[in-house]
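Q: I have a structure open and would like to go through it piece by piece. Can we start with how the helices pack?

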Amino acid sequence: MTPSMLSWALPGALFLIVAAMVLCLVRLLKGPAAQDRVLALDCLYLNGMLLMLVLGIYYGSVHYFEAAMLIALLGFASSTAMAKFLLRGEVIE
Amino acid sequence: MNAQNLPLWLDITVSLLVLAGAGIAFLGSLGLLRLKTYFERVHAPAIIATMACWCVMHATLLYFSVVGEGLAVHALLIALFVAITVPVTNVFLMRAALFRARRMGHKVPPNLSRAGSDEAREL
């Protein structure tokens, strides 16, 4: 049996998404202003959601879908809350 | 991983879609890291919420529709949810960034709706 293309495409995709999360983490740690950090966190949760979906294909299980849905829901709520907190102007340094 | 007896077309299509999605996610994050100002940076992650998310969602939908039983449209739910919520978050973040830039005296376009909402009156 020939080795399937998915057996190297999925680890490659996982590696790329983890690298993307590392780049977001660098921006999160060094972002000059608070809105940069919130934007990096927003990007980080989108990447984490994609990671969960790819892991679901990798293990052939539909249960990872629920984790991805949960990450999307909580990420939206937290990003909106933090953006609203910045908009009220209580954290002007 | 149990992907041994998949049809060839599914193997190739799912691989290409997942690789495209991961590569686009990497590019979006690279843009987030590399661009100079905040107002350039805020554009980069939008490609993750659109192209990368839809590529990976289509790969998931295709894979589980062929491997599992029946049509697996549950992945569509995530993509629709992200397509609805990410613009809301981005608009909030942009308004917060403009507000803070005006407060700190940076050179940004002035507020046009001065007698409008609460945020407009605070400026």
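This is a predicted model: local features need pLDDT of at least 70, side-chain atom pairs count only at pLDDT 80 or more; totals for chains, interfaces and linings use all residues.

Q: Which residues in α2(A) and α3(A) meet?
A: On the α2(A) side they include V38(A), L41(A), Y45(A), M49(A) and L53(A). On the α3(A) side they include F65(A), A68(A), I71(A), G75(A) and M82(A). By class, this contact of α2(A) with α3(A) has 17 nonpolar, 5 polar and 1 charged residues.

Q: OK, α1 of chain A next. What span should it have, and what does it have?
A: Helix α1 (residues 6-30) of chain A has 25 residues, so at 1.5 Å a residue it should span 36 Å. The C-alpha atoms at its ends are 36 Å apart, which agrees.

Q: Which of the residues of α1(A) are buried?
A: Among them are L6(A), L10(A), L16(A), I17(A), M21(A) and R27(A).

Q: And what do those buried residues pack against?
A: The buried residues of α1(A) pack against α2 of chain A together with α1 of chain B.

Q: Take I17(A). What is it in contact with?
A: Leaving aside neighbours within four places in sequence, I17(A) is in contact with N47(A), L50(A), L51(A) and V54(A), and also with A22(B) and A25(B).

Q: How many residues does the largest nonpolar core have?
A: The largest nonpolar core has 62 residues. I17(A), L50(A), V54(A), V18(B), A25(B) and V56(B) are the ones with the most contacts inside it. At least two residues of this core come from each of α1, α2 and α3 of chain A, and from each of α1, α3 and α4 of chain B.

Q: Which helix gives the most to this core?
A: α2(A) does, with 13 residues.

Q: What is the secondary structure of chain B?
A: Chain B comes to 5 helices and 0 strands. Of the 123 residues in chain B, 33% are buried.

Q: How do α3(B) and α4(B) cross?
A: Their axes come within 8 Å and cross at roughly 170°. That makes α3(B) roughly antiparallel to α4(B). Residues making the contact include W54(B) and M57(B) of α3(B), and I78(B) and V82(B) of α4(B). By class, the contact of α3(B) with α4(B) has 11 nonpolar, 1 polar and no charged residues.

Q: Last one: where does P110(B) lie?
A: P110(B) lies in the loop between α4 and α5 of chain B.

Q: Is P110(B) buried or exposed, and why?
A: P110(B) is exposed, because it has 7 other C-beta atoms within 10 Å, and 12 or fewer counts as exposed.

Q: How far apart are P110(B) and G28(B)?
A: P110(B) and G28(B) are 82 residues apart in sequence, and their C-alpha atoms are 29 Å apart in space.

Notes:
Residues are numbered from 1 along each chain as its sequence is written. Chains are lettered from A and ligands numbered from 1 in the order in which they are written. Two residues are in contact if their C-beta atoms, placed from the backbone, lie within 7 Å. Helices (H or I, at least four residues) and strands (E, at least two) are DSSP runs, numbered from the N terminus. Ala, Val, Leu, Ile, Met, Phe, Trp, Tyr, Cys and Pro count as nonpolar, Asp, Glu, Lys and Arg as charged, and the others, Gly among them, as polar. The expected span of a helix is 1.5 Å times one less than its number of residues. A residue is buried if 20 or more other C-beta atoms lie within 10 Å of its own, exposed if 12 or fewer, and partly exposed in between; C-beta atoms are placed from the backbone. A nonpolar core is a set of buried Ala, Val, Leu, Ile, Met, Phe, Trp, Tyr and Cys residues joined through C-beta atoms within 7 Å. Axes are lines fitted to C-alpha atoms, for helices over the stretch in contact, and angles run from 0 to 180 degrees between N-to-C directions. Angles under 35 degrees count as roughly parallel, over 145 as roughly antiparallel, 65 to 115 as roughly perpendicular and the rest as oblique.
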